[in-house]
Amino acid sequence: GDDLVRAVDRLMRHADGARRLGIRANADTPEDAARARRFGGEGIGLCRTEHMFLGERRQLVEDLVLATTDEARQAALDALEPLQKADFIGIFQAMEGAPVTIRLIDPPLHEFLPDIVDLSVKAATETATDKDRRLLAAVKRLHEQNPMLGLRGVRLGLVIPGLFAMQVRAIAQAAKEVPRARPEIMIPLVAAVQELEAVREESLRILAETGVQALVGTMIEVPRAALTAGQIAEAAEFFSFGTNDLTQMVWGFSRDDVEAAFFSRYLDLGIFGVSPFESLDEEGVGRLVKIAVEEGRAARPDLHLGICGEHGGDPASIHFCHDVGLDYVSCSPFRIPVARLEAGRAALTDTDSDTR
Ligand code: PEP
Ligand code: MG
């Protein structure tokens with residue numbers, strides 16, 4: 001038993017000594033953050049915040065959806081802010097001074113809004129309230145045929161005034177209360193530099209007001225963002241590749257539906273050996289990543305580069321990330337040990353690592 005533990009420990013230290021890639025975790029609770037630390041995670045590369053608006057907080061989200069005046073909307077946001085602040089304090093504490101990339105809310109609306117069928121049933125009953133009926137009308141108004149290509153990410157932030165600002169303020173206030181907290185603010189689903197500039201400006205103003213330092217950067221997960229990476233890097237201190245959405249959009253495959261529908265046929269035809277959602281497709285998604293790395297670094301030489309799609313924990317994809325020159329991969333806490341080993345192997349088998 002002890003011998004094995006020592007052997008694994010030696011192997012891990014060997015890999016850690018060799019690897020050039022940093023290893024971060026995708027984590028959005030203090031429990032996951034602590035687990036990430038125990039597995040050797042050097043930071044959080046993706047803290048998704050949309051989950052923080054579910055459960056008991058749905059009520060507040062409903063108030064936000066129903067708000068028809070600036071005052072009502074701001075009241076709903078003001079109620080959410082202290083809850084968000086507490087969320088971030090817990091995560092900063094668990095990370096003990098390691099960097100935490102917090103992604104501003106990116107909710108596919110269909111997962112986020114009350115269920116339209118449930119609401120319809122409720123609104124049709126005799127005990128239905130005026131609020132039930134107004135909520136049904138609002139949810140119908142927001143209904144989308146393709147929610148994954150709809151009002152998500154930065155688009156939502158631009159459409160609901162104060163939403164992103166509330167989160168940035170909560171991040172800044174939380175960082176003030178946790179010694180050594182290292183927040184990084186990440187904007188999702190950016191396709192054009194103008195989207196990023198609008199959010200970045202507002203975020204920097206809030207950070208300046210609160211006297212908190214934080215990097216502001218963006219996900220690269222829409223093909224257009226990768227293709228305009230030079231412009232986008234002018235407004236971003238870091239890029240994190242969202243290869244889940246990038247794969248969806250490069251192949252035109254729905255993340256949620258396609259695997260069962262026709263992937264086995266694609267495997268038979270040898271179009272791919274494993275699902276491109278599991279292992280990074282170097283010919284398509286990988287080419288966009290390369291373009292974005294090159295153009296991004298040309299525009300901003302100190303640009304930090306990471307990946308936080310599922311591929312960040314996949315061994316073959318980790319080798320690709322090393323080769324293309326990313327700074328870190330971010331994956332589920334449970335995949336961190338394998339990621340550390342693969343990042344070490346990638347460095348040890350890299351014959352031109354000295355020339356980088
Ligand atoms: C991605 O798209 O790769 C990503 C990390 O974001 P999400 O999975 O939350 O869409
Ligand atoms: Mg995404």
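Helix 16 (residues 315-324) and helix 17 (residues 336-348) have axes that come within 9 Å and cross at roughly 45 degrees, so helix 16 and helix 17 are oblique to each other. Angles run from 0 to 180 degrees between N-to-C directions, with axes fitted to C-alpha atoms, for helices over the stretch in contact. Under 35 degrees counts as roughly parallel, over 145 as roughly antiparallel, 65 to 115 as roughly perpendicular, and the rest as oblique. Helices (H or I, at least four residues) and strands (E, at least two) are DSSP runs numbered from the N terminus.

Before going on, please note that this is a predicted model, where local features need pLDDT of at least 70, side-chain atom pairs count only at pLDDT 80 or more, and totals for chains, interfaces and linings use all residues. Residues are numbered from 1 along each chain as its sequence is written, while chains are lettered from A and ligands numbered from 1 in the order in which they are written.

From helix 16, Pro 315, Ile 318, His 319 and His 322 meet Val 338, Ala 339, Glu 342, Ala 343, Ala 346 and Ala 347 of helix 17; contact here asks for C-beta atoms, placed from the backbone, within 7 Å. These contact residues comprise seven nonpolar, two polar and one charged. In that scheme Ala, Val, Leu, Ile, Met, Phe, Trp, Tyr, Cys and Pro are nonpolar, Asp, Glu, Lys and Arg charged, and the others, Gly among them, polar.

Helix 17 also leads us to the sheet, as it lies across strand 1 (22-26) and strand 8 (328-331), at about 155 degrees to strand 1. Eight strands close into a barrel in the order 1-2-3-4-5-6-7-8, with parallel pairing; strands pair if DSSP finds at least two bridges between them. Direction ignored, neighbouring strands of this sheet are turned by 30 degrees against each other on average. Strand 5 (residues 215-220) and strand 6 (residues 238-241), for instance, pair in the parallel sense over three bridges, and Thr 218 has Phe 239 in strand 6 as its bridge partner.

Two further helix pairs are worth a look. Helix 4 (residues 70-95) packs with helix 9 (residues 163-177) at about 40 degrees, their axes 8 Å apart, which makes helix 4 oblique to helix 9. Their contact has eleven nonpolar, three polar and four charged residues. Helix 3 (residues 58-66) and helix 7 (residues 130-142) pack at about 70 degrees with axes 10 Å apart, and are therefore roughly perpendicular. Glu 62, Val 65 and Leu 66 in helix 3 meet Arg 134, Leu 135 and Ala 138 in helix 7, a contact of four nonpolar, no polar and two charged residues.

Finally, which residues surround ligand 1? They are Leu 46, Arg 48, Asp 106, Glu 221, Gly 242, Thr 243, Asn 244, Asp 245, Cys 308 and Gly 309, a residue counting as near a molecule or strand if its C-beta atom, placed from the backbone, lies within 6 Å of it. Strand 2 (44-48) and helix 13 (243-251) each supply at least two residues of this shell, and helix 13 gives the largest share, three residues. By class, the shell around ligand 1 has two nonpolar, four polar and four charged residues.

Conventions: Contact = placed C-beta atoms within 7 Å.
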